[in-house]
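Work through the exercises below with the structure open beside you. Try each task before you read its solution.

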Amino acid sequence: MTGPATGFERRVLSALEASPSRIPMVIGGCGTGRTWLLQRTRDRVGRQSAQYIDVERCATTPERFLQAVTSSSPFRWHGAEPGPTSAREAFDALLAFFDTARAPGGEPCTFLLDEVLELRTFESFPGLRRVLRELLEALASSPNRFVLTTRYVARAHRLLRDATARFEVMHQPPLTPADVTDLLAPAFGGYERMATDDRDYLARTVAALTDGRATYVKAIGETMAMAGGVPDPISALTALLSDEGVLARWCRFCYELRLHRARGYGALKAILDIFAEEESITLTEISQRLRRTPGSTKDYLSWLEDVDLVISRQKRYSFTDPLLRLWVRLHCRPTAPSDDDVAREVQRYAVARVPPREAAPALAYAGVDATPEERKNWGIIEID
């Protein structure tokens, strides 16, 4: 069961159903729900008419990628016999497969390419210097339907700058409090024992803590469920960001992945460390703290922007993902943080982001033992 489509899902489906179909390029940061969107789209279109491909998992060589994609496909195709003898031939065969494969009954099929920019890996092989450009040209002229995703916002916009009008950039929106309410429902048995005001405040709190990122919301919900359904997202986030916590591992993955896709690894980590201490600072302030020239610092910042780790607003730079900034503050240090360190930093983060509840303006400090009356005053929701 896929449940009712969200407004953003309906927008994607509308692009696929148009005549001629449009090709959505769905852009969103780590944990925003792009993969979840594609999998729900596959279920709505039908598994015999749609193929989901996680490019990041299997983009090794063109020959092996072609074999992996075609051997797991539900679609009929009679190309690449005998097998290609070079990387160039394999990539050409892949483009032919995307163009000529058909669903049962000879109808156009749908390909859902997750992290499509990872095909750039093939550009290190002879004769494949324009892999992504050639891919876009082939998809634009195909009668089949496609949805593409990537976590790299700046790179996607540059790639699509001169693409045909068939491509449509769609930014994955953050979850709304209503979306968060639905996602947290299993943790609380459908909210049967929770007042509506408490439910809505919980959703607003979790949305603020997670920046509306689906992966973070899901992790907090699962942690609260394992704690017996106690609606205490601050304590849940504290546990998740401990040294062995699920979100600590997830943030490390996103942090290292993006840095390894950028240039100047060591200097970039130093800049992110500066941002972890203070955000919304200027190029001059950064260069002074880094002890590098403004010219060099500007290059470093452009490389961080290229992989969407930082964003510039009115010439002031900040982390793109606020929770990743919190992780850097906690974990990019010589020793792992103590439980008290994590609790203190999570509390500080929550106070800065969560809007106060009218009847209970303060938030509970994670790990503090308090009376029921104190917990009520702090805004923690009690279930009878």
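The exercises that follow use a predicted model.

**Exercise 1. A second pair**

Task: Repeat the analysis for helices H12 and H16.

Solution: 
- Step 1. H12 covers residues 246-261, and H16 covers residues 322-331.
- Step 2. The axes of H12 and H16 come within 10 Å, with a crossing angle of roughly 100°.
- Step 3. This pair is therefore roughly perpendicular too.
- Step 4. On the H12 side, the residues are Leu247, Ala248, Cys251, Arg252 and Tyr255. They meet Leu323, Leu324, Trp327, Val328 and His331 of H16.
- Step 5. The classes in the contact of H12 with H16 are 8 nonpolar, 1 polar and 1 charged.

**Exercise 2. Follow one tryptophan**

Task: Which residues does Trp303 contact, leaving aside neighbours within four places in sequence?

Solution: 
- Step 1. Find Trp303 in helix H15.
- Step 2. With those neighbours set aside, Trp303 contacts Ala262, Arg263, Gly264 and Leu268.
- Step 3. Take Ala262 from that list. Trp303 and Ala262 are 41 residues apart in sequence, yet 5.9 Å apart in space, C-alpha to C-alpha.

**Exercise 3. Buried or exposed?**

Task: Is Arg155 buried or exposed, and what does its side chain join?

Solution: 
- Step 1. Arg155 sits in helix H7, residues 153-159.
- Step 2. The relative accessible area of Arg155 is 12%. Buried means under 20%, so Arg155 is buried.
- Step 3. A polar contact of 2.8 Å links the side chains of Arg155 and Asp306.
- Step 4. Beyond four places in sequence, Arg155 touches Leu117, Arg120, Arg261, Asp306 and Val307.

**Exercise 4. Look for disulfides**

Solution: 
- Step 1. A search of the whole structure finds 0 disulfides.
- Step 2. Check Cys109: the nearest cysteine sulfur belongs to Cys58 and is 17 Å away. Cys109 is buried, at 0% relative accessibility.
- Step 3. Check Cys332: the closest cysteine sulfur, in Cys251, is 10 Å away, so it is too far for a bond. Cys332 is partly exposed, at 26% relative accessibility.

**Exercise 5. Backbone details**

Task: Describe the backbone at Pro20, Arg291 and Gln314.

Solution: 
- Step 1. The peptide bond from Ser19 to Pro20 is cis, with omega near -5°. Pro20 lies in the loop between helix H1 and strand E1.
- Step 2. Arg291 is not a glycine, but its phi is positive, about 60°. Arg291 lies in the loop between H14 and H15, and it is exposed, at 75% relative accessible area.
- Step 3. Gln314 has a positive phi near 55°. Gln314 is in the loop between strands E6 and E7, and at 79% relative accessibility it is exposed.

Conventions
Residues are numbered from 1 along each chain as its sequence is written. This is a predicted model: local features need pLDDT of at least 70, side-chain atom pairs count only at pLDDT 80 or more; totals for chains, interfaces and linings use all residues. Side-chain values use heavy atoms; hydrogens and water are left out. Helices (H or I, at least four residues) and strands (E, at least two) are DSSP runs, numbered from the N terminus. Buried means under 20% relative accessible area, exposed over 50%, partly exposed in between (1.4 Å probe, protein chains only). A polar contact is a pair of N or O atoms within 3.5 Å; within protein, one must be able to donate a hydrogen and the other to accept it, and residues adjacent in sequence count only if both atoms are side-chain atoms. Contact means heavy atoms within 4.5 Å. A disulfide is a pair of cysteine sulfur atoms within 2.5 Å. Axes are lines fitted to C-alpha atoms, for helices over the stretch in contact, and angles run from 0 to 180 degrees between N-to-C directions. Angles under 35 degrees count as roughly parallel, over 145 as roughly antiparallel, 65 to 115 as roughly perpendicular and the rest as oblique. Ala, Val, Leu, Ile, Met, Phe, Trp, Tyr, Cys and Pro count as nonpolar, Asp, Glu, Lys and Arg as charged, and the others, Gly among them, as polar.
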